[in-house]
Amino acid sequence: MPTDAETTIDCTASYNGYGITVVDTFVTLNLNGFTIDGMGNDTITNQGNLTITGDGTLTNSISGDYTKTIVNYGTLTLKDVKITNQTDNVTVWNSFNGYSTINLYNCDVTHAISSSNVIINSGVMNLYGGLYHAASNVGYSVIKLNHFDAVLNYYDGSIVNSGDGFTVTLVEGLVNNY
């Protein structure tokens, strides 16, 4: 597929047991209210320019080596999506590679396990509304910035940890509250 082409995919059912990888292309994925469960595989791996919409759910329900719900190496935009993880791995991992960016608009991002971070951000993350929450234990966070180039731009939304862990942990990086 040419790198300048844009493809739209409309889900017509829930999908379980494999992940989706986008490489060097522009893709819009409309969940249409359905669920994609990686079931032991990273659910979404983005190495291109991916937009996910449609009031659906992205999750991972079976532990394994690659059980993150979202891994981003490109530009990822999520709008009105529920993102969760029921394994011992992180829900969202925004990699550092010099240009990884995640834009979250009115998303509900959580983790079912109290001994895991919900989001690890090593790139640029923009929060435009939504709920980012967990009941994390001590030493774990809802959002953790762990690279000197990591940036969290907080425009709106709620970041809540109802456990003994942290809401936002800044190991390295920058937090902007707009």
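Mentor: Let's start with contact, which means heavy atoms within 4.5 Å. By that rule, and leaving aside its neighbours within four places in sequence, Leu104 is in contact with Leu78, Ile83, Met125, Asn126, Leu127, Tyr128, Gly129 and Tyr132. This is a predicted model, where local features need pLDDT of at least 70 and side-chain atom pairs count only at pLDDT 80 or more, while totals for chains, interfaces and linings use all residues. Residues are numbered from 1 along each chain as its sequence is written, and side-chain values use heavy atoms, with hydrogens and water left out.

Trainee: What does Ile70 touch under that rule?

Mentor: Not counting residues up to four places away in sequence, Ile70 touches Ile44, Leu58, Leu76, Leu78, Ile83, Thr91, Val92 and Trp93. Ile70 has its place in strand E7; strands (E, at least two residues) and helices (H or I, at least four) are DSSP runs, numbered from the N terminus.

Trainee: Why is Ile70 called buried?

Mentor: Buried means under 20% relative accessible area, exposed means over 50%, and partly exposed is in between (1.4 Å probe, protein chains only). Ile70 has 0%, so it is buried.

Trainee: What makes Val175 partly exposed?

Mentor: Its relative accessible area is 37%, so it falls in between those limits. Val175 lies in strand E15 (residues 166-177). Ile70 and Val175 are 105 residues apart in sequence and 21 Å apart in space, C-alpha to C-alpha.

Trainee: Which residues make the nonpolar surface patch?

Mentor: Val168, Leu170 and Val175 make it, with an area of about 210 Å². Patch residues need over 30% relative accessible area and no salt bridge; nonpolar side chains (Val, Leu, Ile, Met, Phe, Trp, Tyr) are joined within 5 Å, like charges within 9 Å. Val175, at 37%, passes the area test. The areas come from the Shrake-Rupley method with a 1.4 Å probe, and for residues only the protein chains shown count as cover.

Trainee: How do you know that Lys68 and Asp42 form a salt bridge?

Mentor: A salt bridge is a side-chain nitrogen of Lys or Arg within 4 Å of a carboxyl oxygen of Asp or Glu. For Lys68 and Asp42 the closest N and O atoms are 3.9 Å apart, so the pair qualifies. Lys68 sits in the loop between strand E6 (57-59) and strand E7 (70-72), Asp42 in the loop between strand E4 (35-37) and strand E5 (44-53), so the bridge ties together parts that are 26 residues apart in sequence. Both residues are buried, and the structure holds 1 salt bridge.

Trainee: What makes a set of residues a nonpolar core?

Mentor: The members are buried Ala, Val, Leu, Ile, Met, Phe, Trp, Tyr and Cys residues, joined through side-chain atoms within 4.5 Å. The largest one here has 32 residues, and Ile52, Leu58, Leu78, Ile83, Leu104 and Tyr132 have the most contacts inside it. Strand E14 gives the most to this core, with 6 residues.

Trainee: Why does the phi of Asp80 get a mention?

Mentor: Most residues other than glycine have a negative phi. Asp80 has a phi near 55°, a positive value in a residue other than glycine. Asn106, not a glycine either, has a positive phi of about 55°.
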